[in-house]
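Q: Hi! Could you walk me through this one? I'd like to start with the packing and then move on to the charges.

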Amino acid sequence: MDIITFWQIMAFSCIIFMMFMYSILDGFDLGIGILIGLVTENDEEKKKLFAAITPYWDGNEVWLVIAVSTLFAAFPAAYSTMLPSFYLPFLGIIILFICRAISLDFTYGGSRISKIPLAVFSITSFLAPLFGIFFLTVIVSGITIDGTGAFRVTAGNILSPGPIVFTAAWLLLLLLHTISYLACKSDGMLKERLLRCAKRLWTVNMALFPVAFVLLCQGLPGIWEKPVIWLGAAITISGMGLHRIARKPHLEKFMFPLSTLAMGGMWLIIAGALFPNIVNPAQQGNALMTIYNSSAPLNTLKLVVLFAMAGMAAIIAFVLFTYGILGKKRKKSSEVLL
Amino acid sequence: MDFTTLSRMQFGVTIGFHYLFALSTLGLTVYILLFESLYLIKAEIEYRRISDFLIRLLAVIFVFGVATGFMMPFAFGGNWSRFSNFAGSVFGIQLVFESITSFALEAIALGILIFGRDQVSKKIFWLSALLVFVGSHLSAFWIVSANSWMQTPAGYAIVDGRVVLTGFWEAILNATTVIRFLHVVVATWIAGTFLAAGISAYHLLKHSHEKLFRRLLRISIVPMLILTLFQAFSGHLHLLKLIKHYPEKDAAYEGIFHTVKGAPLYALGIPDAANETIHFAFGLPYMLSFLESGSFTSEVKGLDEFPRELWPPVNVIFTTFHLMVMFGVAMIIIGAVGNYLKIKKKLFTQRWYFLILLYAIPLPYLANELGWIGTEMGRQPWVIYNLLRTENASTICLPASQVAISLSFIAVFYLILSVIFLKKFIGVIKTGPAGADVEV
């Protein structure tokens, strides 16, 4: 392996890790947005769920921002090909994120829950990951490249069962992950309802995941020879399998690490299915967008990777510190500022 | 309209809108840090009440700032893909550094500021205020550095038709980074002083929380004058840098079409690039030569020294620059009057001055927007000065119709967001700080 290949792989790994961190941290923000209208029965319960995310949500989105900027700096050719190719879909996803952030600000005013912002928050919390994950799985399953070198999404790309079923499985896992987070932050009837919901989600997802995995990977050349794919699937299955055991009262604290493990497995599958491509081609022999032919020069790659690694370590430490101090019970009751 | 023009319009709308929030954020973080420091040292509850009130304002601004900031990286890749491909390995580094060093710091620490008052010690809370201050200012540094690199690129080589980084510090601290950063940061602080003074004036007019807002106004009025005066000086230093590194832009700012000895400094006028003149010009004779070199008779380079196709759009940037300066002068006068009233111990008795302060809140925002329009349009026809022309930086494979759709959508969407923001922001201002004033 030559030196630039090493840094290209490192940059690719960093981006995957950043996306993993984003999915586990902002994942439960998004999940709460989806679940809030389904599992709560009154404003008090809704407030409890909001209190679990409001101090952290913008910090959680940091991971998406650094992943995007790292992709830009490390693989500028890929970045400048992908964005125009999916221009309006990307714009749509960004608008959803903007609406979500602002509606969150308006939903919970400290004393009462406003209905319209709550509806916007719930809808956008569902649509943003739905489209985001679907887009990612479409990239994995393969996209047509036209004569100008741009990617063109066709009906065949979108309507194939692999991306649709894998997206559904991932969304279910995201909800399971959210409940795992909330299990430690709620009590009483709300907690019972959440755990009942987790039981149903778990059953469906255990049945759905193997099908989704096979459908997504089938047809990708050489996919079954990649050990990382099998490792990813094994980790996801193990995480979810053990999650079932952790739903017992004295083991609940393990639910969140186990759903995080399962999420990690999903990202290993994605990374393995893509590598070394950044976008998989729909047909073999098409021009490829790989980490090798779309990367920045060596000195930029080194700088970006080293800085990103140091930065990620610092951010994780800072996030743990913040969750630690804000997770403690309040010294005295006070209204939330917003 | 072609793809490039539509993309320029879209970028102008998105960044112009986002900048309003970034500007307010920086200005407020200074105040929050100041009041948290005073609260930490003096333990007076009034300082905490002011700080809590400003944190509520910051929380609203920050959400809109973060949300609208998502559009920037999208535009770089989507509308300006040839620019991103050409310069991503230098320009992208600055965005990575910005997101890791500043956005992360700012966003995470802000969670403590908004929700952690009762959960953390005073020192940790103060530290959070410091981190939000540092994070937001670092963010400004990286963005200004990236923009300055586009104005005065350095630390690079062209290899296989793309920019390659050859010197990190040369690229980051290029010829105009430091002075432009200073100019931008001081502009945000001025916006902070005008916002704080305007809010104080509103409450003093309404006789609500008078003790607290007298304190906020008193603290704001001295820096208001000092910063606006300093801003005129930093602007001058910036122009001196331009003379050396970007002379055609300086000539366009000043409306100097022909190289001349003893050049006048225009204060007013209507530029006419087609006829290479300034109509109804009013200014000080010889003053531009003096300001640029210290001699009243020195030569000032005119636009005629450069090929016409490389001229920036003179009419626009002369106008925006001079309007910015006029707003700047207005702000200096408002600051000077306030300090005069303060010295005469009449600051809190003049209702007319409160009204001026209230209606002056938009002034620094307008000056900032005009300054940026001048800066960015003044770089035309280049995206990266002397390296990449705007017409060669936009995306090829995307039809103009898609940008027309996105531009229309964004324009309407941002209009709605503006209404929502103002409703919330004004609501927070009108509500004022929690609790009642404490009489000592």
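This is a predicted model: local features need pLDDT of at least 70, side-chain atom pairs count only at pLDDT 80 or more; totals for chains, interfaces and linings use all residues.

Q: Good. With that in hand, which residues is B:Phe83 in contact with, leaving aside its neighbours within four places in sequence?
A: The list is B:Phe76, B:Gly88, B:Phe91, B:Met150, B:Val383, B:Ile384, B:Leu388 and B:Ala393.

Q: And how many residues does the largest nonpolar core have?
A: That core has 240 residues. B:Phe83 is among those with the most contacts inside it, along with A:Phe75 and B:Met71. There is also a second, separate core of 24 residues, which includes B:Leu239, B:Val300, B:Leu303 and B:Tyr385.

Q: How about H2(B), how far apart are its end C-alpha atoms?
A: They are 35 Å apart. Helix H2 of chain B runs over residues 45-69, and at 1.5 Å a residue its 25 residues should span 36 Å, so the two values agree. H2(B) is also largely enclosed by the rest of the structure, because 24 of its 25 residues are buried.

Q: Time for charges. How many salt bridges are there over all chains?
A: The count comes to 14. In chain A, for example, A:Glu41 pairs with A:Arg193, with the closest N and O atoms 3.4 Å apart.

Q: Where do those two sit, A:Glu41 and A:Arg193?
A: A:Glu41 is in the loop between helix H1 (3-39) and helix H2 (43-51) of chain A, while A:Arg193 belongs to helix H10 (residues 188-217) of chain A, so the pair ties together parts that are 152 residues apart in sequence.

Q: Is A:Arg193 buried or exposed?
A: A:Arg193 is buried, at a relative accessible area of 12%.

Q: What does B:Glu44 pair with in chain B?
A: B:Glu44 meets the side chain of B:Arg215 in a salt bridge, at 3.0 Å from N to O. This one also links distant parts of the chain: B:Arg215 is in helix H8 (residues 210-245) of chain B and B:Glu44 is in the loop between helix H1 (3-42) and H2, 171 residues apart. The cut-off for buried is under 20% relative accessible area, so B:Arg215 counts as buried at 19%. B:Glu44 is partly exposed, with 30%.

Q: Which residues are linked in a network of salt bridges?
A: B:Glu36, B:Arg48, B:Asp52, B:Arg117 and B:Asp118 are. Within it, B:Arg48 and B:Asp118 have their closest N and O atoms 3.9 Å apart. B:Arg48 is in H2(B) and B:Asp118 is in the loop between helix H4 (81-115) and helix H5 (122-151) of chain B, 70 residues apart. Both are buried.

Q: Which element gives the largest share of the side of chain A that touches chain B?
A: H13(A) does, with 14 residues.

Q: And how much area do the two chains bury between them?
A: About 5,800 Å², with 78% of it on carbon and sulfur atoms. In terms of contacts, 62 residues of chain A meet 69 residues of chain B.

Q: Last topic, polar side chains. What does the side chain of B:His209 make a polar contact with?
A: Its partner is the side chain of B:Arg49, at 3.2 Å. B:His209 lies in the loop between helix H7 (177-205) and H8 of chain B, and it is buried, with a relative accessible area of 18%.

Q: And which side chain does B:Gln231 join in a polar contact?
A: That of B:Ser234, at 3.0 Å. B:Gln231 is in helix H8 of chain B and counts as buried at 12% relative accessibility. Leaving aside its neighbours within four places in sequence, B:Gln231 is in contact with B:His183, B:Val186, B:Ala187 and B:Ile190.

Terms used: Residues are numbered from 1 along each chain as its sequence is written. Chains are lettered from A and ligands numbered from 1 in the order in which they are written. Side-chain values use heavy atoms; hydrogens and water are left out. A nonpolar core is a set of buried Ala, Val, Leu, Ile, Met, Phe, Trp, Tyr and Cys residues joined through side-chain atoms within 4.5 Å. Buried means under 20% relative accessible area, exposed over 50%, partly exposed in between (1.4 Å probe, protein chains only). Contact means heavy atoms within 4.5 Å. Helices (H or I, at least four residues) and strands (E, at least two) are DSSP runs, numbered from the N terminus. The expected span of a helix is 1.5 Å times one less than its number of residues. A salt bridge is a side-chain nitrogen of Lys or Arg within 4 Å of a carboxyl oxygen of Asp or Glu. Buried area is the accessible area (1.4 Å probe) that two parts lose on being put together, summed over both. A polar contact is a pair of N or O atoms within 3.5 Å; within protein, one must be able to donate a hydrogen and the other to accept it, and residues adjacent in sequence count only if both atoms are side-chain atoms.
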